[in-house]
Amino acid sequence: MLSMDKSKEIFITAKEYIPGGVNSPVRAFKAVGMDPLFIKKTKGSKIYDLDGNSFIDYVCSWGPLILGHAHPQVVQAICQAAELGTSYGAPCEGEVELARMICEAIPSIDKVRMVNSGTEATMSAVRLARAYTGRNAILKFAGCYHGHGDSFLIKAGSGLLTAGVPNSPGVPAAIAEQTLVANYNDIDSVTKIFAQAGSDIAAVIVEPVAGNMGLVLPEPGFLQALREITEQYGALMIFDEVISGFRFCYGGYQNILGITPDLTALGKIIGGGLPVGAYGGKREIMSMIAPEGDVYQAGTLSGNPLAMAAGIASLKLLQAKNFYSSLEITTSRLTNGLKTILADHGLNYQINQSGSLFCLFFTNVQVADYVAVLSCDTEKYAEFFRALLQKGIYFPPSQFELCFVSSAHLPQDIEKTLAEIDKVLDEIY
Ligand SMILES: *Cc1c(COP(=O)(O)O)cnc(C)c1O
């Protein structure tokens, strides 16, 4: 057994001073029934905990670190920027440069506003959509995550209209009622809601690739149909590309789909590991934001020079020839190996993969929607996670999160991961 004494000890103190001992719930490892590791440092594909254990990391900070941990050029850019001051509270060149890079990479974005998190990006995009359309309701999909804004902490109600009910205390029912919930990959569920409430809907917000219920890919035609129905009813389509932006290609997943949303929310990769989000879209809509228009949205640290430097350095590295194709090859080597190992053990689990993202679902059912995701054996996943951790492999501490592969994951990392998974399945079965 790995020693995790130091992590255990500081977690006791952490719980004394921080709710649940963590600053974001999934980090507490509750879903896998153990105490979290406290990380001391990271480099490339590896993370190192306080007890001196090292792990090959498939969480990669939940998405931003497509270049792996502490990429030298990103770290250098941050250090150089810090020498010039950590925050100006006034415009700087970096903001303009990163905005230009984003607008050039994603054709649907004419103008973009920087914020500090994905949550802020989606919240602000919804406010803007409401202002632009003069409507209040929004439509989201069960199993999609858009940060912790009140309008998104909603589950489907049982009513005819599937008007949402809060899934967190503290979200007023009056706000929850303004969020309608449909099923991902089920355009009929969308059509029904539009037929009843279409003229009240300001926007549909969707993850073009659903990355917060494991990994669920859009079925052919689903997002296209969504584009058509939103246009038909005069509602905006917001793509939440906080995970998918710059993850599959140099641009959004919308570039691959050839679909033009009205607004796009970004985060994670564009900040190179620093706290950044952004939202952007059509000129006509974005021009409504203050001070050009009167839709208020602001931020003391928005466009922070360190964050801009990290984002710019990261995006530049993503422009390297074959960056995305080689990342996909690395990932496929892992998922293909996994499939073989699972077959050898006579196990019929599901693997969904797209580019450098994948999810191993502990279920026999093909996973194309939230219902299938909920059929997973979370206890078995927890057991698998804990056993794998003992072997120095750090998978996400929840069945409902996905695995991230970075360009720092080398062939030997993949080989070691496969060998350890093979052993773990021997142990479990
Ligand atoms: C992570 C995530 C968010 C929230 O971003 P934060 O920076 O954690 O606030 C929003 N939408 C999607 C799709 C995400 O994956």
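Modeller: Let's begin with buried area: the accessible area (1.4 Å probe) that two parts lose on being put together, summed over both. This is a predicted model, in which local features need pLDDT of at least 70 and side-chain atom pairs count only at pLDDT 80 or more, while totals for chains, interfaces and linings use all residues. Residues are numbered from 1 along each chain as its sequence is written, and side-chain values use heavy atoms, with hydrogens and water left out.

Biologist: Thanks! Into which domains is the protein chain divided?

Modeller: Domain 1 covers 5-70 + 321-428, and domain 2 covers 72-318; the bounds come from an automatic or database domain assignment. Taken over C-alpha atoms, the centres of the two domains lie 26 Å apart. Domain 1 brings 30 residues to the contact and domain 2 brings 28, where contact means heavy atoms within 4.5 Å.

Biologist: How much area do domain 1 and domain 2 bury between them?

Modeller: About 2300 Å², with 67% of it on carbon and sulfur atoms. On the domain 1 side, L67, Y324 and Y370 lose the most area to domain 2, and together they account for 25% of what that side buries.

Biologist: How many residue pairs are in polar contact between domain 1 and domain 2?

Modeller: Eight, with both residues of each pair at pLDDT 80 or more. A polar contact is a pair of N or O atoms within 3.5 Å; within protein, one must be able to donate a hydrogen and the other to accept it, and residues adjacent in sequence count only if both atoms are side-chain atoms.

Biologist: Which elements each supply at least two residues of the domain 1 side that touches domain 2?

Modeller: They are α11 (323-344), β13 (350-354), β14 (357-361) and α12 (370-374). Helices (H or I, at least four residues) and strands (E, at least two) are DSSP runs, numbered from the N terminus. The largest share, four residues, comes from β14.

Biologist: Where is T363 found?

Modeller: In the loop between β14 and α12. T363 is buried too, at 5% relative accessible area. Its side chain reaches the backbone nitrogen of V365 at 3.2 Å. Not counting residues up to four places away in sequence, T363 touches N348, Y349, Q350, A372, S375 and C376.

Technical notes
Buried means under 20% relative accessible area, exposed over 50%, partly exposed in between (1.4 Å probe, protein chains only).
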